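Please keep the sequence and the coordinates at hand while reading.

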Amino acid sequence: MAMMGSAIANAATMNEMYEVRTVASNMMQTSDNPYRWLSVEVLTVNDLSQFTKAELRFLRYSIYAQHEYKFLNQNLVSYFMKFSWYRPMYRNISDKLTTVEKANVATIIIAEDLLDDTSGTLSADAMAKMETKRKAAAVKEIALVVWSAKVNDNDRKTLSPTWFSNALKMLNDNPQSNADEPYSDVRVLLSSKGLPIKASELLQYKKVRTHQIFKNSGLVSYDYFGCKFYQEGQKLLFDKTGGSQRLCGEISRKDNNYLVITGARYLSGVKPLSYNDSRDGTAGIIKKVSADKVVMLCRMMSGGYELYEFSK
């Protein structure tokens, strides 16, 4: 990061000033901070495949701007000053970037280095090389608070991996013959052993479907909806962003194989309360069941269980 200031200063040419104006005018601006996504979503190779070198550089600058970086290029300062959140104050922001932002900056720089000019986009060969380099510069693990510091006394006593076996027993005690509902798939997810899991892995998951297990009526499953795991400061958060019934909360660590969520359920359009301040507060346990599959189990007020099945 110490080289960031000099790198930007050296790049502040007349040509780049022109690029700032033209690229900025072409970027989507649907809110006061149209670049927020660069701070909450881990970029993939495909995410960057259609950007030119000038556009990639501007994306990188927008991450810096969100932390009030003081650009030497006055054209950049003037552009970002249009947003209420930008105040050019700092020349060194290395300690302000989140894990997600650092990973995205590294990924963007790799893409920039693979492009020879400002007009072309990444070729298939360049994308393959980029993916190799990106994996070599893997996201550092997110340091989570220990779960016992987040949950209340009742959940501290009962929250356990045995929840999965309890939910499986409840499901098996109420077998149904409805072929449209994935009983066998849910049994596999519940019975699978929890694999070692890194918190940073969760940032890759963008979709979730839910399976509700009831004591007297068996299983009800729902389609996939949007969701996001994202880092905010030192916290790792989750939000189910689609469907009418939603859940948001903070992730903490139980042990090497299990994570915990403490949060609250809420309805679309209704501001959610926190884990401790809401009658809809809930806790759940998260496990990794395969290389590309993570599940989360929460108890419902009805006495049943709700299984969240995540996909990338």
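## Burial criterion and Thr210

A residue counts as buried when its relative accessible area is under 20%. The model discussed here is predicted, and in it Thr210 has a relative accessibility of 6%, so Thr210 counts as buried.

Thr210 belongs to strand β1, which covers residues 207-214. Once its neighbours within four places in sequence are set aside, Thr210 is in contact with Val220, Ser221 and Tyr222, with Lys240, and with Glu306, Leu307 and Tyr308.

## Glu112 in helix α7

Glu112 lies in helix α7, which spans residues 99-114, and because its relative accessible area is 6%, Glu112 is likewise classed as buried. When neighbours within four places in sequence are left out, the contacts of Glu112 are Lys53, Leu56, Arg57 and Arg60.

Strand β4 (residues 235-240) and strand β5 (residues 245-255) run antiparallel and are joined by 3 bridges, with Phe238 having Gly249 in β5 as its bridge partner. The two strands, β4 and β5, form a hairpin with 4 residues between them, and Gly243, which sits in the turn, has a positive phi of about 85°.

Strand β5 is also joined to strand β6 (residues 258-267), in this case by 10 bridges and again in an antiparallel arrangement. Within this pairing, Leu247 has Arg265 in β6 as its bridge partner, and the hairpin that β5 and β6 form has 2 residues between the strands.

Terms used: Residues numbered from 1 in each chain as written. Predicted model: local features only at pLDDT ≥ 70, side-chain atom pairs only at ≥ 80, totals over all residues. Heavy atoms only, no water. Buried < 20%, exposed > 50% of the residue type's maximum accessible area, 1.4 Å probe, protein only. Contact = heavy atoms within 4.5 Å. Pairing = 2+ DSSP bridges.
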